[in-house]
Amino acid sequence: MGAFRDLRHYIDHLTEALGRGEVLRIDGADRDLDIGGITELLAEREGPALMFDNIPGFPAGYRVFTNFMGTPARTAVALGLPHDTPALDIVRAWKDLSKRIEPVPPVEVATGPVLENVLVGEDVDLGIFPTPRWHDRDGGRYIGTACMVITRDPDSGWVNVGTYRACVQGRDRLSLWMLGNRHAKAIAEKYWARGQTCPIAVVVGQDPILSTAAAIAAPSGMSEYDLAGGLRGEGVEVLYAPGSELPIPAHAEIVIEGELPPVEEESVLEGPFGEWTGYYTHSGQETVVRVTRILHRDDPIILGAPPMLPTIPAGDQAVPLYSASLTWDHLEASGVQNVKGVWAYARQLLMVVSIEQTGAGDAMHALLAAAGRKRTGGMERYFVVVDEDIDITDINHVLWAMFTRVHPTESIQVLRAPTTAIDPRLAPDRLAAGDLSMGIVLIDACKPFAWKDRYPPANRVDQATRERLRERWAGVLAL
Ligand SMILES: Cc1cc2nc3c(=O)[nH]c(=O)nc-3n(C[C@H](O)[C@H](O)[C@H](O)COP(=O)(O)O)c2cc1C
């Protein structure tokens, strides 16, 4: 996997690996809705990564970077794979790596570029950064959309890193929204039970492996720093933040240090915020960071991954693909034969498995196993199994199988399963009662095993002909 020193190293490498057009520089876009809107319009068509500079009202060089892992090629580069790695091989690489990953602890360094500017006391002002208002109905400016929130367990010393949305609530106030089971919340509660505030650091702008590790549910007790070190093959360089003594990446763009008081002592109205489901749902009184110190590099870059409709390959494809790799692994561990691949669409709402059937029960076994993987708060709603001739990385191909190999009264099963609190389809009264039950749909889109050899043959260009044509007609087919 990739060992990018920091976000800047990754951005330079993107340009090197994928060409000049891969990172588009945009000058003069307003932070109110223009940056968010342009990001979304270009993400819709799998456009370039975007570097916004010369943002009106802010010094040149105070930048915002978006769409950082929005395509399979960019995701491959971010994970340290060749840019032309076939999409399914990215999932396969994750799967193989997760099996043999050895945690590598961070390496402590004495200093780093994050200390180029240290703001304390009167100088603490989150308003110096060009934090965008991403969507028109957002209840504030979210500086943390792909951030790393760092806390330390007061008992064991375990350092947790998680991604939780962070909204600027004043010069020295930030709100955080952490769903019920998040590790930082459990850690904060330990401090609160002792009558203390919880030291916290919010990192904005880090390399893509750290971003990915922060968003992965590592088990309690395992630091995402060690996970990131294992993924990179070398420890992350950290230094101890001057105020909170928490380890922070020495090459981070911005670090906001402070303390988290109990919600009863101080809270703030948080949200709504355009969420990854494509809706605004959550808003309420939430935890506040009392900011005591801001550290930032010269010409800092806010890394932004604003949520968009889940069908848009948004800023980050790594997490859905990681989830696909876990499902693939789980299928094999459950004894499902001949799994050819697993692919996630719409941020896991649709999980597609391809198998080579060896018996009549294989398709249902695969569906049950895929649906049976324990999920931590994700929303996997549709599980589809297809035959190995379907290219599962091509949604049109998957839809073709669903439309022509499914018997609607025989091939679809609906089961009851929990969803997350931001599911827009949860009835308000059920949500208020804490009832998160919803359904999941299992769809067998394989040819029926008993007569699969008599299924009508497909009339699409076969693989061998495709390859021959690609070679002979490269110029025409590249158009
Ligand atoms: C871009 C992005 C934004 C996220 N925002 C939130 C959030 O606002 N609140 C939350 O509780 N989880 C959020 N998550 C999910 C958590 O980061 C994820 O579940 C992570 O594993 C939590 O870490 P923890 O298990 O150490 O608490 C987000 C994930 C991603 C990828």
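**View 1. Strand β8 gives the shell around the ligand its largest share, three residues.** This is a predicted model, in which local features need pLDDT of at least 70, side-chain atom pairs count only at pLDDT 80 or more, and totals for chains, interfaces and linings use all residues. Residues are numbered from 1 along each chain as its sequence is written, and side-chain values use heavy atoms, with hydrogens and water left out. The shell holds 17 residues, and Thr 163, Tyr 164, Arg 165, Arg 182 and His 183 are the closest. By class, nine shell residues are nonpolar, five polar and three charged. Here Ala, Val, Leu, Ile, Met, Phe, Trp, Tyr, Cys and Pro count as nonpolar, Asp, Glu, Lys and Arg as charged, and the others, Gly among them, as polar.

View 2. The protein buries 84% of the 640 Å² that the ligand exposes when taken alone. Accessible areas come from the Shrake-Rupley method with a 1.4 Å probe; for residues, only the protein chains shown count as cover. β8 (159-162) and α6 (208-215) are the elements that give two or more residues to the shell. Helices (H or I, at least four residues) and strands (E, at least two) are DSSP runs, numbered from the N terminus.

**View 3. The largest cavity has about 60 Å³ of space.** The whole structure has two cavities of 30 Å³ or more. A cavity is a set of points, on a 1 Å grid over the protein atoms alone, where a 1.4 Å probe fits but cannot get out; lining residues have an atom within 4 Å of a point. Grid points are joined across faces, edges and corners, and a volume is the space filled by probe spheres set on the points. The lining has 11 residues; Glu 380, Arg 381, Pro 418, Thr 419 and Ile 440 lie nearest the centre. β21 (412-418) and β22 (437-444) each supply at least two of the lining residues. β22 gives the most, three. Five lining residues are nonpolar, three polar and three charged.

**View 4. The second largest cavity has about 40 Å³ of space.** Its lining consists of Gly 36, Thr 39, Glu 40, Trp 134, His 135, Pro 306, Pro 307 and Met 308. Four are nonpolar, three polar and one charged.

**View 5. Asp 53 and Arg 25 form a salt bridge.** Their closest N and O atoms are 3.6 Å apart. Asp 53 is in strand β2 (residues 49-53) and Arg 25 in strand β1 (residues 23-27), so the pair ties together parts 28 residues apart in sequence. The structure holds 33 salt bridges, each a side-chain nitrogen of Lys or Arg within 4 Å of a carboxyl oxygen of Asp or Glu.

**View 6. Gly 271 and Pro 272 are joined by a cis peptide bond.** Omega is about -5°. Pro 272 belongs to the loop between β15 (268-270) and β16 (284-296).

Note on methods
On a 1 Å grid over the protein atoms alone, a cavity is a set of points where a 1.4 Å probe fits but cannot get out, and a pocket is an open set with protein on both sides within 12 Å along at least five of seven lines; lining residues have an atom within 4 Å of a point. A residue is near a molecule or strand if one of its heavy atoms lies within 4 Å of it.
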